[in-house]
Amino acid sequence: MAESHGGAKGPAAGAHTEADGGHHGGGFPPFESSTFASQLVSLAIFFVVLYVIVSKLALPRIGGAIEARQNKIEGDLAEAQKLKDQSDAALKAYESELAAARTRAQAIGNESRDKANAQAEAERKTLEEQLAAKLAGAEKTIASTRATAMSNVRGIAADAAGQIVQQLTGVVPDAAAVNAAVDASLKG
Amino acid sequence: MKIDPIHQFNIEPLFTLGHIGNHTIAFTNSSLYMLVAVAIISILMLASGTQLVPGRLQSVAEISYEFVASTIRSTAGAEGMKFFPLIFSLFMFICVSNLVGIIPYTFTISSHLIVTAALALLVFFTVLIYGVYKNGLKFFKIFVPHGVPGYILPLVMFIEVLSFFLRPVSHSVRLFANMLAGHIALKVFAGFVAMLGFSLGAIGWVGGVLPLALTVALTSLELLVAFLQAYVFAILTCIYLNDAIHPGH
């Protein structure tokens, strides 16, 4: 600023002398007092007009536009925050519900598995009992069948021994003797 | 070829409006450029849209608004916003008329001391009247800085009072002198180009490249000065108003 000040004085002063000898009514235009009144009146009129336009129309208009934008931005941000909170809450609810469902599913699974296990165990037991009973019956049958078969074998063997003795000796052997012999041989 | 760097500052009456006493009140070229400045500002501030997403013109209007508003807030505080219309009018009026004045063959309003003095006195009296109206006699505490020993207080008060009353002088002369000097320098360098060309012929025209380049450089400097002086005028107004609003510092 000081620089421009210094610069201003040189040319201004120089111009003064030049203009003094010049063509225009004499004097340096900015210092010609005859033009002051006109300039002051014009300045007063136009500056007042400008002030009225600026204060009554321009600034409220532009200020309103800026404020409206500010409000809109703040409103939108608040709205976004609200929506974000809502979605966060929904996510949290979803997660807790999911966890609850998972534990419930686990409980149901455990319960049904235990039940199925118990049922299977019971069935297995009854089946085993049945099988054991059947086995015992079958063993009894086998024993009786065997005993019968053994007694039949004795009779057949006694008959066969009597026939064999008769063929060899031509003598019909004593039945009691043959039986005794067969018994002895079966025992041996 | 006569180069007269002062000619651009001449006031030419276009038509007479009337008489006050023995003064003739004329609509001059200066009045015309005041009208141009007011018209440009009005178009900028009133014809720009007020859309949510601003266009170019609206952006310029909003940037001007925000710029002046933040200048006031940072120098005079929130209370200074009472003077927003005044400071905005001053800043825009000076800035637009200075920028228009850079266009060749136009007239620069603020190259006349009477105009800048009138604006500076407007600020001076606004500060004085508002300061006294708001603070009463406490306003004059600005002349008594605290923490100064009693025996040099009269001297300090004398300097403070003197500087207070010299404010409109420095306020107005700063703007006036900057604009005047810049325009004279521009004219002188631009005149060299023609002078060299007409007096030395072909060699002169080639030699004129240097002053031409300087003229271009000076024009860009003047663009900066045009804006900067308007800003300085506005910020000094804010600082002076701050004294009126908070006289105790």
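Which elements of chain B have the lowest and the highest mean pLDDT? Among the elements of chain B, the lowest mean pLDDT, 81, belongs to helix 6 (residues 202-207) of chain B, and the highest, 95, belongs to helix 3 of chain B. The model is predicted, and the predictor gives the complex an ipTM of 0.89 together with a pTM of 0.72.

**Confidence**

- Chain B has a mean pLDDT of 89, with 98% of its residues at 70 or more, while for chain A the mean pLDDT is 83 and 86% of the residues reach 70 or more.
- Within chain A, confidence is lowest in helix 1 (residues 2-20) of chain A, where the mean is 38, and highest in helix 2 of chain A, where it is 92.
- Over residues 1-25 of chain A the pLDDT stays under 50, and for this stretch the model has 28 contacts beyond four places in sequence.
- Where pLDDT is low, the predicted coordinates should not be read in detail.

**Make-up of the two chains**

- Of the 188 residues in chain A, 11% count as buried.
- Chain B comes to seven helices and two strands, and from the N terminus on its elements run β-β-α-α-α-α-α-α-α.
- In chain B, buried residues make up 37% of the 249 residues, and the C-alpha atoms of chain B fill a box of roughly 70 × 55 × 45 Å, taken along the principal axes.
- Among contacts in chain B between residues at least 6 apart in sequence, 65% join residues that are at least 24 apart.

**Contact between chain A and chain B**

- The contact takes 43 residues from chain A and 45 residues from chain B.
- On the side of chain B that touches chain A, two or more residues are given by each of strand 1 (13-20), strand 2 (23-28), helix 1, helix 2 (56-76), helix 3, helix 4 and helix 5 (153-200) of chain B, and the largest share, nine residues, comes from helix 1 of chain B.
- By class, the residues on this side of chain B divide into 31 nonpolar, 11 polar and three charged.
- The axes of helix 2 (residues 36-169) of chain A and helix 1 (residues 29-46) of chain B come within 10 Å and cross at roughly 0°; angles under 35 degrees count as roughly parallel, and helix 2 of chain A and helix 1 of chain B are therefore roughly parallel to each other.
- In this helix pair, residues of helix 2 of chain A, including Leu43(A), Phe46(A), Leu50(A), Ile53(A) and Arg61(A), meet residues of helix 1 of chain B, among them Ser31(B), Met34(B), Leu35(B), Val38(B) and Met45(B).
- The contact of helix 2 of chain A with helix 1 of chain B has 14 nonpolar, five polar and one charged residues.

**Nonpolar core**

- The largest nonpolar core has 64 residues, and those with the most contacts inside it are Ala37(B), Ile87(B), Leu90(B), Phe91(B), Phe93(B), Ile94(B) and Ala234(B).
- At least two residues of this core are supplied by each of helix 2 of chain A and helix 1, helix 2, helix 3, helix 4, helix 5 and helix 7 (209-245) of chain B, with the largest share, 13 residues, coming from helix 5 of chain B.
- Leaving aside residues up to four places away in sequence, Ala37(B) touches Phe93(B), Val96(B), Ser97(B), Val100(B) and Ile109(B).

**Loop residues**

- Tyr105(B), in the loop between helix 3 (84-102) and helix 4 (113-135) of chain B, has a phi near 75°, a positive value in a residue other than glycine.
- Tyr105(B) has 5 other C-beta atoms within 10 Å and is therefore exposed, since a residue counts as exposed if that number is 12 or fewer.
- Gly49(B) lies in the loop between helix 1 and helix 2 of chain B, is partly exposed with 13 other C-beta atoms within 10 Å, and, not counting residues up to four places away in sequence, touches Pro54(B), Gly55(B) and Gln58(B).
- Val172(A) lies in the loop between helix 2 and helix 3 (175-187) of chain A and is exposed, with 11 other C-beta atoms within 10 Å.
- Val172(A) and Gly162(A) are 10 residues apart in sequence, and their C-alpha atoms are 7.0 Å apart in space.

Definitions and conventions. Residues numbered from 1 in each chain as written. Chains lettered and ligands numbered in written order. Predicted model: local features only at pLDDT ≥ 70, side-chain atom pairs only at ≥ 80, totals over all residues. Axes fitted to C-alpha atoms, helices over the stretch in contact; angles between N-to-C directions. Helix = DSSP H or I, 4+ residues; strand = E, 2+ residues; numbered from the N terminus. Parallel < 35°, antiparallel > 145°, perpendicular 65-115°, else oblique. Contact = placed C-beta atoms within 7 Å. Nonpolar A, V, L, I, M, F, W, Y, C, P; charged D, E, K, R; others polar. Buried ≥ 20, exposed ≤ 12 C-beta atoms within 10 Å, placed from the backbone. pLDDT = per-residue confidence, 0-100. Core = buried A, V, L, I, M, F, W, Y, C linked by C-beta atoms within 7 Å.
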